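Dear colleague,

Please find below the structure that I am handing over to you. My notes on its aromatic residues and its core follow.

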Amino acid sequence: NQTSHRKPLTEEQVIKKYWNGMNQRVKSGIYLKKKIQVVWSFDEFRVWWKERKEIREKIIEAGEVVSIDRIDSDGNYCSENCRIIPNRLNGILGKINQLQGQLKKLYKSAEEMRKWVEC
């Protein structure tokens, strides 16, 4: 039973991996439904990525996986709306956004049915 040891990806390969991931994500599911797009060029993304080397290194040193988070989950992928955070935190924020959406719907339903509550 041999374990294959892969060479670590070069910085350019990592950049392309994240770039391709963003571009794949926007082609389906909720991203497509919300019309979310990647609105920066590959070169702009590369510069943005490299400028965040220190935060990426801290995340990796902490044993976490680097993730690109859209600050406004309804917004596009662009330098003004993206930040680098640990993937676990990105998942938590996604769940919080889902819960906030569910709470808004529940609150709206409760308000519509308020006439049934005696005051």
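W19 and F45 are both buried, that is, under 20% relative accessible area with a 1.4 Å probe and protein chains only, where over 50% is exposed and in between is partly exposed. This is a predicted model, in which local features need pLDDT of at least 70 and side-chain atom pairs 80 or more, while totals for chains, interfaces and linings use all residues. Residues are numbered from 1 along each chain as its sequence is written, and side-chain values use heavy atoms, without hydrogens and water.

The structure holds 8 aromatic pairs (rings of Phe, Tyr and Trp, the last by its six-membered ring, with centres within 6.5 Å; planes under 30 degrees apart are stacked, over 60 edge-to-face, the rest tilted). The rings of W19 and F45 have centres 5.6 Å apart and planes at 40 degrees, so this pair is tilted. Because W19 lies in helix 1 and F45 in helix 3, the pair ties together parts 26 residues apart in sequence (helices are DSSP runs of H or I, at least four residues; strands are runs of E, at least two; both are numbered from the N terminus). Y31 and Y77 form a stacked pair, 6.5 Å centre to centre with 15 degrees between the planes.

In helix 3, F42, F45, W48 and W49 are buried. Seen down the helix axis, they fall within an arc of 120 degrees (taken from the directions from the axis to the C-beta atoms), so they line one face of helix 3. These residues pack against helix 1, helix 4, strand 1 and strand 2, with contact meaning heavy atoms within 4.5 Å.

Yours sincerely
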